[in-house]
Amino acid sequence: MKNSTWLSKGLPLLSLLFLVCLWQILSFFYKPVILPSPIETLQALHNLYDSGKLFEHASNTIVRGLAGFALAVVVGVPLGLFMGLNSVIGKLIQPYVVTIQVIPIISWLVLAMIWFGSDKVPIFVVFITTLPLVIINIVQGVQNVNPHFTEMAKLFLVDKKRLIFEVYLPQVIPYLIAAMSAALGTTWKAVAMAEFLSAHRGIGAGMHTARTNLETPEVFAWTLLLVVLGLLTDRGLQAINKRLSTWRYAK
């Protein structure tokens with residue numbers, strides 16, 4: 001039992017350590033402007049912290065990313081439920097969802113720069129790129145609800161409100177968590193890309209400035225910060241999933 005615990009916690013750390021060592025070795029063969037070492041990257045991150053740029057840019061990115069992500073969840077969950085519960089609505093809206101999903105991020109970004117001011121572009125890009133992920137997963141969740149539960153609810157004349165909140169939602173939660181996990185992964189990439197081309201503040205804007213000045217360690221530092229943001233939000237989502245699982249099984 002102790003060995004399995006050690007393996008589950010130790011192997012990811014060993015894998016990460018191997019990656020850092022490989023990165024350090026490769027950096028010996030290139031100049032910092034091509035491939036900075038992990039130490040130079042951490043030094044650049046420290047310099048950003050000392051200058052105050054770290055908090056200024058990161059706070060803008062976090063607010064924009066979470067705003068677009070939250071908007072996609074708020075719009076996508078009820079829309080996915082309606083599409084899953086009503087086949088006519090589902091068939092009517094599905095072509096729009098697929099169209100939104102297949103349009104490249106760069107197209108949405110260019111259009112958003114034409115339609116909106118620079119501050120709203122990253123929020124819109126995150127919203128429009130994560131919305132289909134939420135809708136599609138919720139529809140699949142509704143369609144995979146155990147028919148035994150819905151038949152029992154009909155047998156006992158359960159009203160629609162209780163049917164949705166006590167039968168469908170608990171069964172859909174795993175699909176919602178999967179959708180949010182995938183959407184969060186897309187969120188940080190989309191917001192950084194949008195800020196790179198359209199904003200003056202944010203991690204993407206910081207990367208743009210660093211690239212212009214050929215400060216590659218700073219580009220790596222911003223990238224490292226995006227990875228940390230992704231890992232932290234994913235861990236937070238897993239914690240929420242545990243609490244929701246407890247509620248779901250209680251139901």
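The lining of the largest pocket draws at least two residues from each of helix H1 (2–27), helix H2 (38–51) and helix H10 (216–250); helices here are DSSP runs of H or I with at least four residues, and strands are runs of E with at least two, numbered from the N terminus. The model is a predicted one, in which local features need pLDDT of at least 70 and side-chain atom pairs count only at pLDDT 80 or more, while totals for chains, interfaces and linings use all residues. Residues are numbered from 1 along each chain as its sequence is written, and side-chain values use heavy atoms, with hydrogens and water left out.

H10 gives the most to this lining, with seven residues. In total, 14 residues line the largest pocket, and Leu16, Leu19, Leu224, Val227 and Leu231 lie nearest its centre. A pocket is an open set of points, on a 1 Å grid over the protein atoms alone, where a 1.4 Å probe fits, with protein on both sides within 12 Å along at least five of seven lines; lining residues have an atom within 4 Å of a point. The volume of the largest pocket is about 510 Å³. By class, its lining holds 11 nonpolar residues, two polar and one charged, where Ala, Val, Leu, Ile, Met, Phe, Trp, Tyr, Cys and Pro count as nonpolar, Asp, Glu, Lys and Arg as charged, and the others, Gly among them, as polar.

The protein contains 10 helices and zero strands. Its C-alpha atoms fill a box of roughly 70 × 60 × 30 Å along the principal axes.

Helix H6 (residues 121–143) packs with helix H4 (residues 87–102) at an angle of about 135°, the axes lying 8 Å apart. Axes are lines fitted to C-alpha atoms over the stretch in contact, and angles run from 0 to 180 degrees between N-to-C directions. H4 and H6 are therefore oblique to each other, as angles under 35 degrees count as roughly parallel, over 145 as roughly antiparallel, 65 to 115 as roughly perpendicular and the rest as oblique. The contact (heavy atoms within 4.5 Å) involves Val97, Ile100 and Gln101 of H4 and Ile128, Pro132, Ile135 and Ile136 of H6. These residues comprise six nonpolar, one polar and no charged.

H6 also packs with helix H8 (residues 160–198), at an angle of about 160° and with the axes 7 Å apart. H6 and H8 are therefore roughly antiparallel to each other. Their contact residues divide into 19 nonpolar, eight polar and one charged.

Methods: Grid points are joined across faces, edges and corners, and a volume is the space filled by probe spheres set on the points.
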